[in-house]
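Subject: Structure handover and notes

Hello,

Here is the structure you were expecting, with my notes below it. Please read them with the viewer open.

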Amino acid sequence: MLNDTDIVVKRSSRKRSRDGFRSNLTPSRKKASSTGGQCQLIAAKINEYIEITPEGKAPEYCSDNEDLFGGYDSILGDSSFLAKLDDAEKHMGQLNDNCKRQSLGQDHMPKPAPSKTGPHGNVVEGLTDSILVGCLEDDSFQDLPSSQIEFQQQVCGVNEVDQCQSVDGRHTSTPLVQMTREAGTTDGINSEEAAKRAPKARRSMANAIKMAMLGNAATSSSCAAKMAQQQKDMVVTEEISIAVQTIQAVATETDLGPFFGLPSKVKDLIGRLRGIDDLYEWQKTCLTLESVEQRRNLIYSLPTSGGKTLVAEILIFKEIMCRKKDAVFILPYVSLVQEKVRGLASFGLELDFLVEEYAGSKGKFPPIKRRHKNSLYITTIEKGHSLVNSLIETSRLDGVGLVVVDELHMLGDGSRGAVLEMTLAKVLHVSPSTQIIGMSATLGNVGDLQGFLKAENYTNDFRPVQLIEYVKLKDSIYEVDSREEHCLRFSRLLNYKYSNSLKKMDPDHIVALVTEVIPSQSCLVFCPTKKNCENLAGMICKYLARAFLQHKEAEKATLLKELRDCGNGAICPVLKHTVPYGLAYHHSGLTSDERRLVEEAYSAGVLCLLTCTSTLAAGINLPARRVVLRSPYIAADFLKRSQYKQMVGRAGRAGIDSMGESILVLQDKDRPMAEKLLSAPMEKCYSNLLHDGGKGLLSLILSLIGLNVAQTLDQLRVFLSATLLGVQQAHVCPERSLADMAACSVETLREKGLITFSAEDADSSLLLITKLGRASYKGSVDLTYSSVLYRDLSKGLEGLLLNSFLHLVYLVTPYDMVSQCKPDWMIYFRQFTMLTVSEQRICAVIGVPESFVARKAAGQTVKKSQAVDPEVASRLYLALVLHALLRETDLWAVAERFQLTRGFLQTLLNSSSAFCSCVLHFSEELEEFWPYKALLLELTRRLTYCVQAELIPLMEVTGVMEARAKQLFSAGYKSLAHLANAEPRDMAQAIENLSKRQANQIVASAKMLLQEKAEALQEEVDDLLTKPTDLPSVGS
């Protein structure tokens, strides 16, 4: 017997290049043949008779252009294989002849081989002299290539293709077999004639294979071309199907270039738009972490100003460009969202993705489904939660590949932390493939957050500029040194000559501390209260040298003019006094326009010192050479370690300073607590779902039931076990189990009429949401006020008066703002008497008659029978303020009339526009409130901008405030299209005090907004023109 060895089929030495571009449709591997078992049978039979020896180099027969097998090698090029095949056939032929002679000698006559007849009497199985016929005659060679069919016709002399392809319904791709069969199936031919013709039919298997394959190569016909095209179409269709399945199942990431998988264009854009030519080493390390590359969840913690945001932005670009998925970027404050939208608009235009703002009243739920572009949703915590809810409801959350959370430690921040926890828990549960990246300052219990987010942690203490911390006691400066017993080491004495009057005015030596660095360098002074900010800025100016007035005098004059313009001619007296010295204050009492102007002036070096509250530390990045903490208190509360670190982290400007300094001003009585503060570990972050009576937990459970994420108590318990509350349950609420919490919350929701049970037994029944419950969670309405809001809207329908905005404005005045403003009854009465008769009738319908206001203004006692709900009266007072703002659009004038700060009015306006949007979504879910839909849509728009109607299209562009909108309108830029198509250089020349950088940002933001609107309209057109998939057909 011959030795059994593996058949080796050599690949041609000349192959088609495979290094070209591979698209997403390129299959990763060939599918296994369905006839694999038959091929194994062939190999086994050939191995039984043929011994294959090592082969030499195969000769080249075909050029790349003539490759007959699409880059795969042909056995035609292996002459040794064919020679062995021929020898094997001859050898076996001799063996067969010997067997026949022996058989004839024994039986004296041959025994005819049994034959089978087809339906027409044709013999379908005959004799052949090829040893391979038996193993080749199977279904694995059924389908003939078009060229093989043509060659078969030539060899066999058969005119009809069907005769070549089918005999008794069976197919073969071997010409020799077909010839043999036809030789045995001709009617009228006896066995002797067949025996005489058999030798003529004998043909070497090697020659047959060569002839067949050369014929394939030479054949060219219209039939062949047509069938080849059909085969190509089938292959392309199959490849597309495979690619779509692969993308959906695996979402393969495409490497687009050398910059962390992104094209070099991204690096160039970062350099051009941000001025960053190279990344820090920690950023490079973080971007190449195994957890990042394998798309596992990650928390990375660094000190303030370490460059955390840039890493997140690169990961967002990678998600959108390489994986073609949407991304969500959650930021804690509206101002940060607006700043980030402005900053990333240019990237979106260059890299072809959309940047969508979800803050205040902005944002569409669910977001428009884009067919051709991916979106980056930049959102506040509250809007992010509503966004995720809408994506879950429409089964589109898996379209979001990445969620980035800035300031992850906000999980421990009261009710806002509860909302953030709900959002992340839903993403983890509904779309586990969505990657979550959390950025944070250093945390004391990051392990709990890792357990909650199923994330890995990366920590680094890198700072681009060295930070040295100091403490001032009396006139001595101590350096903070953890190696010392009390964490303090004496550094120096203050060298500043104080007059007696200055000592009384400035006992804490603030003037001495700030004049060591200003005006040539910048300084931030954090104060415990807003009033203290204003007073301190004024006090410092009194003792500054006159030389401060000459420093950047022209730029400061420009700033004062801009402040007057944004106040319609009015300017804050404190700023009017301090700005010429290069000083200003910064807190929530400023309007949005004022705050923006002050921040830009400080960043440009026009202002060298800001007195500010702690909110600046958590807001946009305004670094300084020196940071002074005026007191270790925020209002009446002693500083926390995280707050202290956030403030001092503003010291040191990367690329400008070689070091940064922070100085904490202490009194002797505060020294023991300060020493603990300086040596204490970072605070721990705990779940806030049980904050304020468990409001967060109630809201979470209601939305889970409404979204069909959990519909039984057991499912709720399982979900809660995966929240941060579930991870920390033993510490946060050890006396109660998650099951008890879920059961109590469900019962509370049932009592409020927000959910029902499908059966009497709550343990076994399904939990169903009511219409009111659905409206509450979709409108993001505080469950404390959901029933009150429903009552107010229902009562409003009974006597809704539309000859004034007042009634609608009252209905959307935020309930939680009522406690922040006590009515001045004299002002209340004066404004009441200025209302029209119809507006006074509205007040009476609401429940506040004129007689009640008059008695309160006169200081008279109100009879019990005439008493009015104080909450309703206070809410109407705020509604009158909002009504005046909408009517006059002059915030300064309204603030003066009602004796309220302009900052409070700005907050009221922002809160009202956001709440109006919530009421709109609330009413959309309740059929009885259909009239409110159109009314509240327009009111939301007016409250959002609170300007004259012609300025609204300009103010829709992120970063364009009222004063700037007026300038643009006066210069001829009257629409969004005008801004989007403007030349930044021309705009900067036409608008006074507008820099080229600001003009670029306005144009980029306008282009992005215009693209969003155009894409939305195009999507609507596509939807209208798309043929329905469920279109009924006749006879179906």
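A salt bridge here is a side-chain nitrogen of Lys or Arg within 4 Å of a carboxyl oxygen of Asp or Glu. Glutamate 938 and arginine 942 form one, with their closest N and O atoms 3.2 Å apart. Please keep in mind that this is a predicted model.

**Salt bridges**

Side chains of opposite charge can pair when their charged atoms come close. The search of the whole structure gives 44 salt bridges. I describe a few of them, starting with the pair above.

Glutamate 938 and arginine 942 sit in helix α42 (residues 932-945), and because they are four residues apart, about one helical turn separates them. Glutamate 938 has a relative accessible area of 32%, so it counts as partly exposed. Arginine 942 is also partly exposed, at 35%. Elsewhere, salt bridges with shared partners link Arg492, Glu516, Arg625, Arg626 and Glu661 into one network.

Helix α22 (residues 553-566) holds both aspartate 565 and lysine 561, again four residues and about one turn apart. The closest N and O atoms of this salt bridge are 3.2 Å apart. Aspartate 565 is partly exposed at 34% relative accessibility, and lysine 561 is partly exposed at 34%.

In helix α24 (residues 592-603), arginine 596 and glutamate 600 are likewise four residues apart, about one turn of the helix. Their salt bridge has its closest N and O atoms at 3.0 Å. How do the two partners fall, buried or partly exposed? The cut-off for buried is under 20% relative accessible area. Arginine 596, at 16%, therefore counts as buried, while glutamate 600, at 21%, counts as partly exposed.

All five of the five residues of β3 are buried, so the strand is largely enclosed by the rest of the structure. Both of its faces are covered: Leu354, Glu356 and Tyr358 are buried on one side, and Val355 and Glu357 on the other. Strands β3 and β4 run parallel and are joined by five bridges. Within this pairing, leucine 354 stands opposite serine 375 of β4.

**Cis peptide bonds**

The peptide bond between phenylalanine 365 and proline 366 is cis, with omega at about -15°. Another cis peptide bond joins isoleucine 518 to proline 519, and there omega is about 5°. Proline 519 belongs to the loop between α19 (510-515) and β11 (523-526).

**Helix α20**

Does the length of helix α20 (residues 530-542) agree with what its residue count predicts, or disagree? The helix has 13 residues, and at 1.5 Å a residue they should span 18 Å. The end C-alpha atoms are 19 Å apart, so the two values agree.

The buried residues of α20 are Cys533, Glu534, Leu536, Ala537, Gly538, Met539, Ile540 and Cys541. They pack against α18 (500-505), α19, β11, α23 (573-578), β12 (583-586) and β13 (609-612).

**Positive phi outside glycine**

Lysine 324 is not a glycine, yet its phi is positive, at about 55°. It is located in the loop between α13 (308-322) and β2 (326-331). With a relative accessible area of 55%, lysine 324 is exposed.

Serine 395 is another non-glycine residue with a positive phi of about 55°. Its loop runs between α15 (381-393) and β5 (400-405). Serine 395 is exposed, with a relative accessible area of 60%.

**A nonpolar surface patch**

Val1021, Leu1024 and Leu1025 make up a nonpolar patch on the surface, and together they have about 340 Å² of accessible area. Valine 1021 is part of helix α47 (residues 996-1025). At 37% relative accessibility, valine 1021 counts as partly exposed.

Regards

How values were computed. Residues are numbered from 1 along each chain as its sequence is written. This is a predicted model: local features need pLDDT of at least 70, side-chain atom pairs count only at pLDDT 80 or more; totals for chains, interfaces and linings use all residues. Side-chain values use heavy atoms; hydrogens and water are left out. Helices (H or I, at least four residues) and strands (E, at least two) are DSSP runs, numbered from the N terminus. Buried means under 20% relative accessible area, exposed over 50%, partly exposed in between (1.4 Å probe, protein chains only). Patches are made of residues with over 30% relative accessible area and no salt bridge: like charges are joined within 9 Å, nonpolar side chains (Val, Leu, Ile, Met, Phe, Trp, Tyr) within 5 Å. Accessible areas come from the Shrake-Rupley method with a 1.4 Å probe; for residues, only the protein chains shown count as cover. Two strands pair if DSSP finds at least two bridges between them. The expected span of a helix is 1.5 Å times one less than its number of residues. Contact means heavy atoms within 4.5 Å.
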